[in-house]
Amino acid sequence: SPRAEHHLSTQFTCRQSPLLLGRFCGQECVVVGSIAEITAQLTAPGAPFEMTEVEIRGRPVRIWKNCPPTLPAVLDVMRGHGELPFLVYQDERLSYAQHDRRVAALATALIEDFSVEKGDRVALALRNYPDWVVAFWAAAQVGAVVVPLNAWWTAAELEYGLKDSGSVLLIADGERAERLAGRIEGLDLRGLISARGAAQGWTDFDDLLARHQGAPLPQMPIAPEDDATIFYTSGTTGSPKGAVGSQRNIATNIFSLMFCRARAVLRDGGELPDPDLPQPKKATLLAVPFFHVTGCHSAMLSGAYAGNKVVLMHKWDADRALELIADEGITGFGGVPAIAWQVLEHPKRQAFDLSSVEYVAYGGAPAAPEL
């Protein structure tokens, strides 16, 4: 209405972007802009998601101006979360500060005990333990290319991934180490580290952390276009392919997710939070593997940047999921559509307080309209 248009033009302003929700005449009025309009507001000069252009390998590319350019830069942000809870696994709880100390110890061990240099491939073959996250950030901090291997792979498939990636070091859990028994001798590896289960001839993960406890975090000059990760495709039509990601590539996804959420809020007529005020932290229930981009990029990485809590499941179980949602104040969970169905249709669902849940995310398979 003309009155709403007048109200919008004269009063709907804030530091971050025009607000799309206002009150007048005692009634609520929602004015929703188009996707293009809201995108322009969020990415304008001085806006939280301002974009700029840089040249990458001879081509102009738009980037988030305020996004950390590398994984070590993301780790610097994580360090500021201090004693906030980060990782929860069964009876284990790890704060951001505790995680940071473990990363510093392991990063030091990678350099001093295994001579890992910038650009070396370091493979991870573990299920979703807190050790996976520590190993990921330690390898990233020293400039190694992190190679998350599929923990469901057979011994032959793991051997293929190690050879194909050119990995010089393997960090595996006891189950994966046992699976690879008899095949290690044929691999050109500089070292073997075993977590959560001793393996003959392997260096124990916890012993390494204890040996280098209190070590300062190593610093390495790392550029945004340096290689950061090699994630493997599923191999449904042949051998799995190693997809290389740069430092800027993986860090960019953090801001891309934040932008999509901010745009959705504004499209719904909401307001963006004041960046100068403390925001309530979220809690994610993670039932999908870290070796997939959903578990690593979208859940762990974005959650760590925001200072959120990430609750890990040993394996998906709807009964246990209901308990964790209620006990840990889970704000978001997901995976494939079947996971959402199992929670929604669980016969005991009404017995648990699930009011903390704000979103359920799923993909990887077609979702029925009824869902």
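I began at Ile 230, which stands opposite Val 244 in strand 13. Strand 12 (residues 227-232) and strand 13 (residues 242-246) are joined by five bridges and run antiparallel; strands here are DSSP runs of E with at least two residues, helices are runs of H or I with at least four, both numbered from the N terminus, and two strands pair if DSSP finds at least two bridges between them. I noted that five of the six residues of strand 12 are buried, so the strand is largely enclosed by the rest of the structure; buried means under 20% relative accessible area, exposed over 50%, and partly exposed in between, with a 1.4 Å probe and protein chains only.

Before going on I wrote down the basis: this is a predicted model, in which local features need pLDDT of at least 70 and side-chain atom pairs count only at pLDDT 80 or more, while totals for chains, interfaces and linings use all residues. Residues are numbered from 1 along each chain as its sequence is written, and side-chain values use heavy atoms, with hydrogens and water left out.

I then traced an open sheet of six strands, in the order 6-5-15-14-16-17 and with mixed pairing. Its edge strands are strand 6 (92-95) and strand 17 (359-362), each of which pairs on one side only. Neighbouring strands of this sheet are turned by 20° against each other on average, direction ignored; axes are lines fitted to C-alpha atoms, for helices over the stretch in contact, and angles run from 0 to 180 degrees between N-to-C directions.

Strand 5 (residues 85-89) pairs with strand 15 (residues 309-312) in the parallel sense over three bridges, and there I found Tyr 89 opposite Leu 312. With strand 6, strand 5 pairs in the antiparallel sense over four bridges, and Pro 85 has Ser 95 in strand 6 as its bridge partner. Strands 5 and 6 form a hairpin with two residues between them. Gln 90, in the loop between these strands, has a positive phi of about 50° although it is not a glycine. Most residues other than glycine have a negative phi.

Helix 5 (residues 130-141) lies across strand 5, strand 6 and strand 15, and runs at about 135° to strand 5.

I also looked up Glu 328, which is found in helix 11 (residues 318-328) and is buried, with a relative accessible area of 14%. Leaving aside neighbours within four places in sequence, Glu 328 is in contact (heavy atoms within 4.5 Å) with Val 88, Arg 93, Ala 283, Lys 309 and Val 311.

Strand 7 (residues 121-125) and strand 8 run parallel and are joined by four bridges, with Val 122 opposite Val 146 in strand 8.

In strand 9 (residues 167-173) I checked Ala 172, which is buried with a relative accessible area of 0%. Apart from neighbours within four places in sequence, its contacts are Ala 125, Leu 126, Ala 177, Ile 193, Ser 194, Ala 195 and Trp 202. Ala 172 and Arg 196 are 24 residues apart in sequence and 8.7 Å apart in space, C-alpha to C-alpha.

Just after helix 10, Gly 307 takes a positive phi of about 80°.

Ser 115, in the loop between helix 4 and strand 7, has a positive phi of about 55° although it is not a glycine, and is partly exposed, with a relative accessible area of 44%.

**The second largest pocket**

Last, I opened the second largest pocket, which holds about 210 Å³ of space. On a 1 Å grid over the protein atoms alone, a pocket is an open set of points where a 1.4 Å probe fits, with protein on both sides within 12 Å along at least five of seven lines, and lining residues have an atom within 4 Å of a point. Grid points are joined across faces, edges and corners, and the volume is the space filled by probe spheres set on the points. The lining includes Gln 98, Arg 101, Arg 102, Leu 209 and Gln 213. Helix 4 gives the most to this lining, with five residues.
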